[in-house]
Amino acid sequence: MWTSHKLMKALTLAFLFICTAAIAQTYDTNGDYVQTFAGSGEVGMVNGQGQQTKFFSPSQIVADTSSNLYVWDSGNHLIREITPGGTVSTFVGGGLPPEIEGYGTNVSLNSYSFGQMTMDHSNTIWVVIGYGSSYYFLNIGTNGSVFVENGGLTNLTTSTGICFDSANNLYYSGANIIYRYNPNTGISQPFAGNGTSGYKDGNGTVFPEFAFGNATTGLACDQANNIYVWDSGNYRIRRIDQSQNITTIAGTGTGSSYPASDGVGTNATFGGNSPTISSMFSDNLGNIYFACGTCIRKMNAGTNVVTMAGSFTTSGSANGVTNIARFSSANGACLSQGMIFVADSGNELIRNIAFNPQPQIVTGANLGIGTFAGVTITGAVGRTYQIQSSPDLNTWTTRATLLLTSSPYLWIDQNPISGNNFYRALLLP
């Protein structure tokens with residue numbers, strides 16, 4: 001005979017078992033490895049090289065076709081540029097208020113609220129900005145020219161998600177509708193959704209319903225010009241093809257009280273114990289990537305959702321392999337140089353995720369060996385190098401692991417081994 005106490009205990013254990021089983025984090029198997037690309041981890045505004053620089057809540061990041069990164073450094077009200085080699089400079093902002101249009105550092109961004117940022121196919125940066133109750137698209141050209149693109153667009157807010165298709169049409173979200181905007185004509189038209197808060201798949205602007213309202217909504221476009229929508233109110237990923245068919249492809253629709261989990265299609269869950277999706281982007285293989293605060297997730301063309309790096313439940317600042325790495329408010333992300341770059345605003349860092357990184361032997365002009373016992377490295381400031389020595393060029397022994405704080409960098413062997421001694425340096429992942 002079950003007593004009420006035993007029954008309650010059994011039900012509690014069963015509930016805990018169900019909840020625990022639902023927390024399923026499946027890590028990517030492509031050898032993903034998280035590194036720090038720029039920033040010291042301290043709040044500030046310092047330009048320079050790699051980890052000798054400082055940011056203040058970097059929240060959005062995009063890349064151009066030359067692999068330069070552009071970061072919305074929200075705490076400093078600046079857009080910072082980072083070259084492929086890790087050199088950080090101020091691209092736009094820092095001028096005297098209230099100038100919003102102009103060039104580069106003559107422009108002031110202090111009086112405006114900023115939303116999501118994206119890059120079109122001519123390397124023009126687009127940002128949603130707000131001033132009072134008015135919202136605009138801000139255009140930033142490759143030469144640093146800044147001007148307001150269009151004001152007063154229907155349901156545009158700083159919570160709007162934005163992306164471009166291959167024809168350079170801009171898609172944006174607002175009030176449960178996805179709009180398509182043609183920059184050449186200045187015309188904006190509803191593309192999907194009827195403005196009703198709800199959940200229905202279907203076609204066009206009559207029957208389908210979304211439930212993101214004016215909540216932050218991520219958008220991404222793949223190589224086939226399918227538009228992917230983070231429908232935040234329904235906790236689902238929806239796909240819209242160019243025939244305007246809306247299909248749910250991932251997410252169960254369970255709310256914030258349910259644990260997040262990886263899985264295929266509608267077996268995956270979003271929200272819950274994992275922070276909501278803050279930005280999305282795609283690659284040319286049909287993968288969609290999600291920046292989720294404490295983790296970066298990926299959905300492949302078969303709708304299998306996995307975690308690339310980080311934790312659903314634990315924030316922090318740690319580099320390393322998938323399950324070891326930690327983020328704090330990873331709000332923006334983009335693809336460049338075959339890697340994922342993340343604006344980790346809580347850690348004041350720009351991080352990157354490399355795939356199957358291997359140590360690279362430093363050769364040629366980047367490695368100098370003089371009459372002293374040691375080496376001179378000309379390399380990437382802020383990256384980690386390993387110094388090895390060998391008596392015969394066959395067997396190598398690690399002598400030092402160091403963070404390059406300047407370039408060139410002179411390392412002298414303080415305990416040289418007698419006899420022949422050869423040195424080499426490896427750039428670590």
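**Strands, cysteines and a buried arginine in a predicted model**

Strand S18, spanning residues 227–231, is mostly covered, with 5 of its 5 residues buried.

S18 is paired with strand S17 (residues 219–221) through 3 bridges, and the two run antiparallel. Within this pairing, alanine 220 has tyrosine 228 of S18 as its bridge partner. S17 and S18 form a hairpin with 5 residues between the strands, in which asparagine 225 adopts a positive phi near 65°. S18 is also joined to strand S19 (residues 236–240), here by 5 bridges and again in antiparallel fashion. Isoleucine 227 lies opposite isoleucine 240 of S19. The hairpin formed by S18 and S19 has 4 residues between its strands, and tyrosine 235 in the turn shows a positive phi of about 55°.

Of the 429 residues in the chain, 50% are buried. Among contacts with a separation of 6 or more, 47% are between residues 24 or more positions apart. The accessible surface of the chain comes to about 18,200 Å², and carbon and sulfur atoms account for 51% of that surface.

A further group of strands forms an open sheet of 3 strands in the order S31-S32-S35, with antiparallel pairing. Strand S31 (367–368) and strand S35 (409–412) stand at the edges; each has a single partner strand, so one side of each lacks a neighbour in the sheet. Strand S32 (residues 374–377) is connected to S35 by 4 bridges, the two strands running antiparallel. One of the paired positions is glycine 374, whose bridge partner in S35 is isoleucine 412.

Arginine 351 is located in strand S29, which covers residues 349–355. This arginine is buried, its relative accessible area being 0%. The side chain of arginine 351 makes polar contacts with backbone oxygens: that of alanine 318 at 2.8 Å and that of arginine 326 at 3.1 Å. Apart from neighbours within four places in sequence, the residues in contact with arginine 351 include Val34, Gln35, Thr36 and Phe37. Also among them are Ala318, Asn319, Arg326 and Phe327, together with Ile340, Phe341, Val342 and Asp344.

The structure holds 0 disulfides. A disulfide is a covalent bond between the sulfur atoms of two cysteines. For cysteine 163, the closest cysteine sulfur belongs to cysteine 221 and is 5.4 Å away, which is too far for a bond. Cysteine 163 counts as buried because its relative accessibility is 5%. Cysteine 292 is likewise in no disulfide, the nearest cysteine sulfur being that of cysteine 295 at 4.7 Å. Cysteine 292 is buried, with a relative accessible area of 1%.

Terms used
Residues numbered from 1 in each chain as written. Predicted model: local features only at pLDDT ≥ 70, side-chain atom pairs only at ≥ 80, totals over all residues. Heavy atoms only, no water. Buried < 20%, exposed > 50% of the residue type's maximum accessible area, 1.4 Å probe, protein only. Contact = heavy atoms within 4.5 Å. Areas by Shrake-Rupley, 256 points an atom, 1.4 Å probe, with all protein chains shown as cover. Disulfide = S-S within 2.5 Å. Pairing = 2+ DSSP bridges. Polar contact = N/O pair within 3.5 Å; in protein donor to acceptor, adjacent residues only side chain to side chain.
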